[in-house]
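Student: I would like to learn how to read a sheet and its aromatic pairs from a model. Can we go through one together?

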Amino acid sequence: MKYTYYGHSAFLLELDNAKILFDPFISPNELAKGIDIHSIKCDYILISHGHFDHVTDVEVIAKNNDATIVAAYELASYYGAKNFKQHPMNIGGRWNFGSFTVKVVSAAHSSVLPDGTYSGNPIGFIITEETRSIYYSGDTGLHMDMQLIGNYHKLDRAFLCIGDNFTMGADDAIIASDFIKCNKITGMHFDTIPYIVIDHQKTIQKFEQAGKTLVLPEIGKTYEV
Ligand code: NI
Ligand code: MN
């Protein structure tokens, strides 16, 4: 498994037989202006919730790739009504997409589309391909249900929001990392706007002191899971 960072909470996860794009908010992101959204190739677009900073480029990229949108029932149905391919899910559900599975887990946040459309509950995802699994938290505060993830999944990496103010900050993400029993963390939802600017050095050190490795990914760069 490999992943490429497109800024904010947008990642492309490359499995052996499928490419999954998470929360594409790229074209309005000043930090990601080097990324051409028309160059992105994906089979699925997974959306954690309806806030603008997670959905802005969904429609263009879905159309370019004839990609299937996977999201909470209400949010998926919104795209379905606009004739996009979609697969509705909800918290606790797992689906086998052929070469990988998606399990939807809870997130403690809110979810509404920019036009005011109710978009169901915010969610996180566990992606499993054969023996490998990753957790993508979406926007969330720290919550006790994360312990369930750690009790029942062996994670190879977790993508956790760390920007604070709207979501977990570093201190809570470190506790989350304990809850999910995964010490390999990739940070997201940081630096995009002034509310969530973080000190990279200090944040990486905090994780190190807790016995964990934090990757603060560079936009446009590809990493091994
Ligand atoms: Ni949000
Ligand atoms: Mn957000």
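Predicted model: local features only at pLDDT ≥ 70, side-chain atom pairs only at ≥ 80, totals over all residues.

Student: What is the order of the strands in the open sheet?

Tutor: In general, strands of a sheet pair through backbone hydrogen bonds, either parallel or antiparallel. Here seven strands form an open sheet in the order β7-β8-β9-β10-β11-β12-β13, and the pairing is mixed. β7 (94–96) and β13 (213–215) each have a single partner strand, so they stand at the edges and one side of each is left without a neighbour in the sheet. From one strand to the next, the twist averages 20°.

Student: How many aromatic pairs are there?

Tutor: A pair of aromatic rings is described by the distance of the centres and the angle of the planes. The count here comes to 15 aromatic pairs. In one of them, the ring centres of F11 and F159 are 4.8 Å apart and the planes lie at 65°, so the pair is edge-to-face. F11 is in strand β2 (residues 11–14) and F159 in strand β11, 148 residues apart, so this pair links distant parts of the chain.

Student: Are F11 and F159 buried or exposed?

Tutor: Both F11 and F159 are buried. They also belong to one aromatic cluster with Y3, Y5, F190 and Y223.

Student: Which residues make the nonpolar surface patch?

Tutor: F166, I193 and Y195 make that patch, of about 330 Å². F166 lies in the loop between β11 (157–161) and α5 (170–179), and is partly exposed, with a relative accessible area of 41%.

How values were computed
Residues numbered from 1 in each chain as written. Chains lettered and ligands numbered in written order. Heavy atoms only, no water. Pairing = 2+ DSSP bridges. Helix = DSSP H or I, 4+ residues; strand = E, 2+ residues; numbered from the N terminus. Axes fitted to C-alpha atoms, helices over the stretch in contact; angles between N-to-C directions. Patch = residues over 30% accessible without salt bridge, like charges linked within 9 Å, V, L, I, M, F, W, Y side chains within 5 Å. Areas by Shrake-Rupley, 256 points an atom, 1.4 Å probe, with all protein chains shown as cover. Salt bridge = Lys/Arg side-chain N within 4 Å of Asp/Glu carboxyl O. Buried < 20%, exposed > 50% of the residue type's maximum accessible area, 1.4 Å probe, protein only. Phe/Tyr/Trp six-rings, centres within 6.5 Å; stacked < 30°, edge-to-face > 60°.
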